[in-house]
Amino acid sequence: MTDTSDVTPEVGPEVTADVTPAALRRPVGRRAVLIATGATAATLAVGAAAAPEAPAAPAAAPAPPAAAAVCTLTKELTEGPYYLDGQYVRADITEGKAGIPLKLTLKVVDDDTCAPLPNALVEVWHSDALGEYSGFVGNNGHDEPDNGTFLRGGVLTDAAGVAAITTVYPGWYRGRCVHIHVKVHTNVTLTSDGHFTGGQELHTGQLFFKETITAAVGRVSPYSTNTVTRTTLAQDPIYDEGGAASGLLTLTALGGTTSAGYAGTLTLGVER
């Protein structure tokens, strides 16, 4: 997939890579499966013929659902211009990059059945604190070393469909809010040098962050030295205020300060 629509038409490197409005996003319909049962019973008491009619007894409370499950198809969003094929299979993608710790826990499930998908490769890539992507450093106006691999990689899901990845909180670049790109692949082949090849791509999307937390992160170095004006969630051309179905992470503080970092969790519902 080579959709390169990742920004609004503003001045900047990513603007020149993304100019086709029709390709700005790949909306996919959301589906939900809800299975629930309930029962309501009412008993009327009737007195003897000679006695006045007794009042109706109150209706019994509905019984709790015997089984309930809701699965939502996670919205697919543009791959963007900064994807590189077959990056490392590894749980820690930081490579020493400065930034606030971020522990991602992403669960992959079949959106029709809620069944977890084991051995699916969850691949992520994102910018560093200054909004620069490995392999493309300088596109956001900052000069720093570029090894072509930092903040890229992925892991296979475990038996419960969970992928755990250690990284840093992303920075921002021109025209986009803070986000992480994600792909889900199945049937990949792991190579001896720590990469992957082949397989089927089930999902391409993005992960987003609560605005108040991003604002606090932006006041901490090295994020505070980013010279590009930050685009908020509400200003972003990709995120549609769709919450978890559109990739909004649930964030939990890892300590008492912003610098201590965050845990980010999300369930990705994908089409098998």
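This is a predicted model: local features need pLDDT of at least 70, side-chain atom pairs count only at pLDDT 80 or more; totals for chains, interfaces and linings use all residues.
Residues are numbered from 1 along each chain as its sequence is written, and side-chain values use heavy atoms, with hydrogens and water left out.

Arg 230 forms a salt bridge with Glu 211. The term means a side-chain nitrogen of Lys or Arg within 4 Å of a carboxyl oxygen of Asp or Glu. Here the closest N and O atoms are 2.6 Å apart. Helices (H or I, at least four residues) and strands (E, at least two) are DSSP runs, numbered from the N terminus. Glu 211 is also partly exposed, at 25% relative accessibility.

## Other salt bridges

The whole structure holds nine salt bridges. One joins Asp 240 to Lys 75, with 2.6 Å between the closest N and O atoms. Asp 240 lies in the loop between H2 and strand S9 (250-253), while Lys 75 lies in the loop between helix H1 (13-17) and S1, so the pair ties together parts 165 residues apart in sequence. Asp 240 is partly exposed at 28% relative accessibility. Lys 75 is buried, with a relative accessible area of 10%.

Glu 201 and Lys 183 make another salt bridge, at 3.1 Å from N to O. Glu 201 belongs to strand S8 and Lys 183 to strand S5, 18 residues apart. Glu 201 is partly exposed at 34% relative accessibility. Lys 183 is buried, with a relative accessible area of 0%. Shared partners join Glu 79, Lys 183 and Glu 201 into one network of salt bridges.

## Nonpolar cores

The largest nonpolar core has 37 residues. Such a core is a set of buried Ala, Val, Leu, Ile, Met, Phe, Trp, Tyr and Cys residues joined through side-chain atoms within 4.5 Å. Tyr 169 and Leu 207 touch the most other members. Elements that supply at least two residues each include strand S1 (101-110), strand S4 (162-168), helix H2 (211-217) and strand S10 (262-270).

Tyr 169 has contacts (heavy atoms within 4.5 Å) beyond its neighbours within four places in sequence, among them Ile 100, Val 178, Phe 209, Ile 213 and Leu 251.

## Cavities

There are two cavities of 30 Å³ or more. A cavity is a set of points, on a 1 Å grid over the protein atoms alone, where a 1.4 Å probe fits but cannot get out; lining residues have an atom within 4 Å of a point. Volume is the space filled by probe spheres set on the points, which are joined across faces, edges and corners.

The largest cavity has a volume of about 40 Å³. Its lining includes Arg 230, Glu 211, Val 178 and Phe 209. That lining divides into four nonpolar, two polar and two charged residues. Ala, Val, Leu, Ile, Met, Phe, Trp, Tyr, Cys and Pro count as nonpolar, Asp, Glu, Lys and Arg as charged, and the others, Gly among them, as polar. The second largest cavity has a volume of about 30 Å³. Tyr 82, Tyr 133 and Tyr 173 are among its lining residues.

Key
Buried means under 20% relative accessible area, exposed over 50%, partly exposed in between (1.4 Å probe, protein chains only). On a 1 Å grid over the protein atoms alone, a cavity is a set of points where a 1.4 Å probe fits but cannot get out, and a pocket is an open set with protein on both sides within 12 Å along at least five of seven lines; lining residues have an atom within 4 Å of a point.
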